[in-house]
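User: Hi! Could you walk me through this one before I set anything up?

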Amino acid sequence: GVDNGIKKHYVCMNKYGVFRIGETEDWDEIEQLRNQYDAYMVIDSNPYPTPLQKLVQKYPGKVFAHFYDEDSKEAESIRFLDGDKSGTVHSDRTKLLDSVVADINATDILFQITLTELENKGFIKHCLNEYRIVEESAKGIKRGVWRVIEGKPDHYFHALCYAKVAMQQTLSIGGVAHTPPPNKQSSV
């Protein structure tokens with residue numbers, strides 16, 4: 001998962017958990033990470049969509065541009081459009097962030113990185129800069145909303161969210177192998 005910006009923050013994870021985090025200003029380094037792990041990659045579409053679109057086109061079905069939606073009525077919080085052909089994925093922001101926090105609390109997302117590294121790179125601070133509140137609309141409808149402390153970075157937290165989206169795509173690619181039925185016309 002990559003949070004797009006001048007500095008691109010990335011989180012690498014697999015079924016065993018988060019195993020690498022970092023930041024770079026170089027799109028070539030992001031591509032090298034994708035190639036090093038033969039990874040599915042989900043990257044925030046803004047603020048620099050052009051280099052992202054080049055990666056989406058170069059690695060169809062492996063690199064996806066991510067867009068947050070607000071208050072999606074869909075049951076699923078993550079939607080890959082046209083399967084993986086469009087290179088686009090949408091997620092309900094509140095549902096995705098809720099899901100990632102629930103996964104961390106339930107220890108469904110593990111960290112294969114030392115606490116010192118998580119602290120030194122700012123990962124923990126970025127995650128703590130996001131908070132959830134309940135807002136009431138003009139019609140009196142209450143809903144959960146995620147906010148960031150003004151002026152504080154939250155890039156690693158979103159990179160973790162995008163990594164979860166990429167993992168969901170990775171795990172959905174699997175299938176069931178079937179053996180062919182025996183040939184009924186075999187001779188003895």
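User: Great. What is the mean pLDDT of the protein?

Analyst: This is a predicted model, and its mean pLDDT is 87, with 84% of the residues at 70 or more.

User: Which elements have the lowest and the highest mean pLDDT?

Analyst: The lowest mean among the elements belongs to strand S6 (residues 78-80), at 69, and the highest to strand S1 (residues 2-3), at 98.

User: And where does pLDDT stay under 50?

Analyst: Over residues 174-188. The model has zero contacts beyond four places in sequence for that stretch.

User: OK, helices now. At what angle do H1 and H2 pack?

Analyst: About 25°, and the axes of H1 (residues 27-37) and H2 (residues 49-58) are 11 Å apart. Angles under 35 degrees count as roughly parallel, so H1 and H2 are roughly parallel to each other. The crossing of H1 past H2 is right-handed.

User: Nice. Which residues meet there?

Analyst: From H1 you have Trp27, Ile30 and Glu31, and they meet Pro51, Leu52, Leu55 and Lys58 of H2. By type, the residues of this contact are five nonpolar, no polar and two charged.

User: Switching to strands: how many bridges join S2 to S3?

Analyst: Seven, with S2 (residues 8-14) and S3 (residues 17-24) running antiparallel. The hairpin between S2 and S3 has two residues as its link, and Asn14 sits opposite Gly17 of S3.

User: What about S8 and S9, parallel or antiparallel?

Analyst: Antiparallel: S8 (residues 130-136) and S9 (residues 142-148) are joined by seven bridges. Ile133 has Val145 in S9 as its bridge partner. Five residues lie between the strands in this hairpin, where Gly140 has a positive phi near 85°.

Notes:
Residues are numbered from 1 along each chain as its sequence is written. This is a predicted model: local features need pLDDT of at least 70, side-chain atom pairs count only at pLDDT 80 or more; totals for chains, interfaces and linings use all residues. Side-chain values use heavy atoms; hydrogens and water are left out. Axes are lines fitted to C-alpha atoms, for helices over the stretch in contact, and angles run from 0 to 180 degrees between N-to-C directions. Helices (H or I, at least four residues) and strands (E, at least two) are DSSP runs, numbered from the N terminus. Angles under 35 degrees count as roughly parallel, over 145 as roughly antiparallel, 65 to 115 as roughly perpendicular and the rest as oblique. A crossing is left-handed if the near helix is turned anticlockwise from the far one by less than a right angle, and right-handed if clockwise. Contact means heavy atoms within 4.5 Å. Ala, Val, Leu, Ile, Met, Phe, Trp, Tyr, Cys and Pro count as nonpolar, Asp, Glu, Lys and Arg as charged, and the others, Gly among them, as polar. pLDDT is the predictor's confidence in each residue, from 0 to 100. Two strands pair if DSSP finds at least two bridges between them.
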